[in-house]
Amino acid sequence: FFNIKLYILIIMKSSISFKKYLLLYLFCTSIVFSSRYFIDTEKSNVIWIGRKVSGEHHGVINIKRGYVDIDKKSIVGGEIVIDMKSIQVVDMSDKYNRKLEKHLKNSDFFDVDLFPESTFKIKKNHQLITDENIMFQGDLTIKDTTIISSIPSKILVEDNIVKAIGIVDIDRTLYGITYGSGTFFEDLTDKAIDDKFTLKFKIFADRNFLSKPLIEEKKQNDK
């Protein structure tokens, strides 16, 4: 009877070990067989547009780093990191561009010294085989707030390159940025600023991107 109990215990432990090894195997193979495309921050660009009652302003902001993971015909993950300190205004004279940039970077808006990065993390698998127009779902983090968001994009995958083009409106008040909002303050008249701002983006990601600087460096050393 004791031998039977011992035999059953050995089988149970073996079963648990097998499950652990199986999970480890599945995890490892998912990493091996998916391809990571790193964002080319030089080729990619993001344009922002902010509107108010009396007009609008626009400028650019830089992507700091990022990647997209593709497994066969699906985008299975990814992250984009925005450099909030890189906000630029480009539609006025240098003097007024710098003045607005300083305001956007302070605590009235994005408080970039305290929150130097904003991120979007893809949280759902997206099939590429059905449609090139994809509504990406993920976590959008601005300042200290993270909200599940949807970002529409047109995707094109060619060999080792992924291209994404899209436009998205973001409600800044959801992230605690209420300065000049008619929703939160009365009697702003023509000084009211829209709650939503727009981002227009064009992103290039390259599966071989990280190897290119090494190749270029080697060429320079050979000269």
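Ile-75 is in contact with Val-68, Asp-69, Ile-70, Ile-122, Lys-124, Asn-125, His-126, Leu-128, Phe-136 and Ile-155, leaving aside its neighbours within four places in sequence. The model is predicted. Ile-75 belongs to the largest nonpolar core, which has 38 residues.

**Nonpolar core**
- Ile-75, Ile-87, Phe-110, Ile-155 and Ile-170 touch the most other members of this core.
- In soluble globular proteins, nonpolar side chains tend to be buried together.

**Aromatic pairs and a charge over a ring**
- The structure holds 2 aromatic pairs.
- One of them joins Phe-110 and Phe-197 edge-to-face, with 6.0 Å centre to centre and 90° between the planes.
- Phe-110 lies in the loop between helix H2 (94-105) and strand S5 (117-122), while Phe-197 is in strand S10, so the pair ties together parts that are 87 residues apart in sequence.
- Phe-110 and Phe-197 are both buried.
- At Tyr-67, the charged end of Arg-36 sits over the ring, 3.8 Å from its centre.

- The loop between strand S9 (161-171) and strand S10 (193-206) contains Ala-192.
- Ala-192 has a relative accessible area of 13%, which is under 20% and therefore counts as buried.
- Lys-52, Val-53 and Gly-180 are in contact with Ala-192, leaving aside its neighbours within four places in sequence.
- Val-53 and Ala-192 are 139 residues apart along the chain, and their C-alpha atoms are separated by 5.9 Å.

Definitions and conventions
Residues are numbered from 1 along each chain as its sequence is written. This is a predicted model: local features need pLDDT of at least 70, side-chain atom pairs count only at pLDDT 80 or more; totals for chains, interfaces and linings use all residues. Side-chain values use heavy atoms; hydrogens and water are left out. Helices (H or I, at least four residues) and strands (E, at least two) are DSSP runs, numbered from the N terminus. Buried means under 20% relative accessible area, exposed over 50%, partly exposed in between (1.4 Å probe, protein chains only). Contact means heavy atoms within 4.5 Å. Rings of Phe, Tyr and Trp (its six-membered ring) pair if their centres lie within 6.5 Å; planes under 30 degrees apart count as stacked, over 60 as edge-to-face and the rest as tilted. A charge sits over a ring if NZ of Lys or CZ of Arg is within 6 Å of the ring centre and within 35 degrees of the ring normal. A nonpolar core is a set of buried Ala, Val, Leu, Ile, Met, Phe, Trp, Tyr and Cys residues joined through side-chain atoms within 4.5 Å.
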